[in-house]
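Please keep the model open while you read.

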Amino acid sequence: MTVAANEADEAAARDAARHALREACPAPLRRAALGAVLASLRFSVKAREDTRFCRSQLYGVSREVMRGLARRLVEAGLLDRAEDVVHLQTEEVLGAFDGTLPDTDLRALVRRRAARFAESAAAADPPAYFTVPGGLPVSVAQASRHDTAAAGGPDADGVLRGIASSSGTARGRALVVRDTDVPPEACVGRILVAKETDPGWLALMMAAKGIVVERGSLVSHTAISGRLLGVPTVVAVREAMTAIEDGAWIELDGTAGTVRLLPGDGTAAGEDGSCA
């Protein structure tokens, strides 16, 4: 995938659309009016997508700033490891420097939150969709959580369904990834399967030929990044990480929002697991 190839694909699609428009709308004035409306719409959509992508980039920059401050806290003897900053709030990190932190024992605070995080990690994940009563503290509202039933797993034809997020199709072997410790080189030619993504996953997403995640929406990080990268993407595929085994052959349709499980030998995927 190169910039030149993307631009060539866009030019071909644009020429085909103009040809179809001339046949459907032969009147020049009507075509001109429609072109003006589409140009305005195209600009607005691009501005929306770019803004959300920049927000994701800003998140990554902010994380690097926090890591830099954490290293200084370690040098000052207030933290044992820079990685412990993930258990602190922004106000607490900044407060340690400007003197507004009421509790200066950051180590004790980290230990308490790390223990709570371990308990939460050991518990089962909540469903993708649920409701809670409004106007109550979160801890109280969660006790009355109502889970929304939703179908999950493949259907009788071996097809998983989700939200179509970035058009195109891809066929190849799945790479089930649970964290970003995987080198980007391992994603080349593979379809990335994950629970969800954040800006720290961009290197893996750029290398993959397709993306499937269990969580997300049309405006989630995964969906927006998939569209900007031109990678076929389907989000909100329930039980994707359970139903799709690492290395399994799958066919991803980012236009229809489906993921098809293929025979184990990949014969239905073609010899090279091509991507369209």
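1. A word on the basis first. This is a predicted model, in which local features need pLDDT of at least 70 and side-chain atom pairs count only at pLDDT 80 or more, while totals for chains, interfaces and linings use all residues. Residues are numbered from 1 along each chain as its sequence is written, and side-chain values use heavy atoms, with hydrogens and water left out.

2. Let us begin with the sheet. It is open and has 8 strands in the order β3-β10-β9-β5-β6-β7-β8-β4, with mixed pairing. At its edges stand β3 (159–161) and β4 (163–166); each has a single partner strand, so one side of each lacks a neighbour in the sheet. From one strand to the next the twist averages 30 degrees. Strands (E, at least two residues) and helices (H or I, at least four) are DSSP runs numbered from the N terminus, and two strands pair if DSSP finds at least two bridges between them.

3. Next comes the loop between β2 (146–147) and β3, where you will find G153. Beyond its neighbours within four places in sequence, G153 touches V159, L160, R238 and E239 (contact means heavy atoms within 4.5 Å). The C-alpha atoms of G153 and M241 are 9.7 Å apart, although 88 residues separate the two along the chain.

4. Most residues other than glycine have a negative phi. A236, however, has a positive phi near 60 degrees, and E239 has a positive phi of about 60 degrees. How does the cover compare: is A236 buried or exposed? A236 is buried, at 15% relative accessible area, whereas E239 is partly exposed, at 38%. (Buried means under 20%, exposed over 50%, and partly exposed in between, with a 1.4 Å probe and protein chains only.)

5. L34, V37, L38, L41 and V45 make a nonpolar patch of about 390 Å². Such a patch joins nonpolar side chains (Val, Leu, Ile, Met, Phe, Trp, Tyr) within 5 Å, from residues with over 30% relative accessible area and no salt bridge.

Conventions:
Patches are made of residues with over 30% relative accessible area and no salt bridge: like charges are joined within 9 Å, nonpolar side chains (Val, Leu, Ile, Met, Phe, Trp, Tyr) within 5 Å. Accessible areas come from the Shrake-Rupley method with a 1.4 Å probe; for residues, only the protein chains shown count as cover. A salt bridge is a side-chain nitrogen of Lys or Arg within 4 Å of a carboxyl oxygen of Asp or Glu. Axes are lines fitted to C-alpha atoms, for helices over the stretch in contact, and angles run from 0 to 180 degrees between N-to-C directions.
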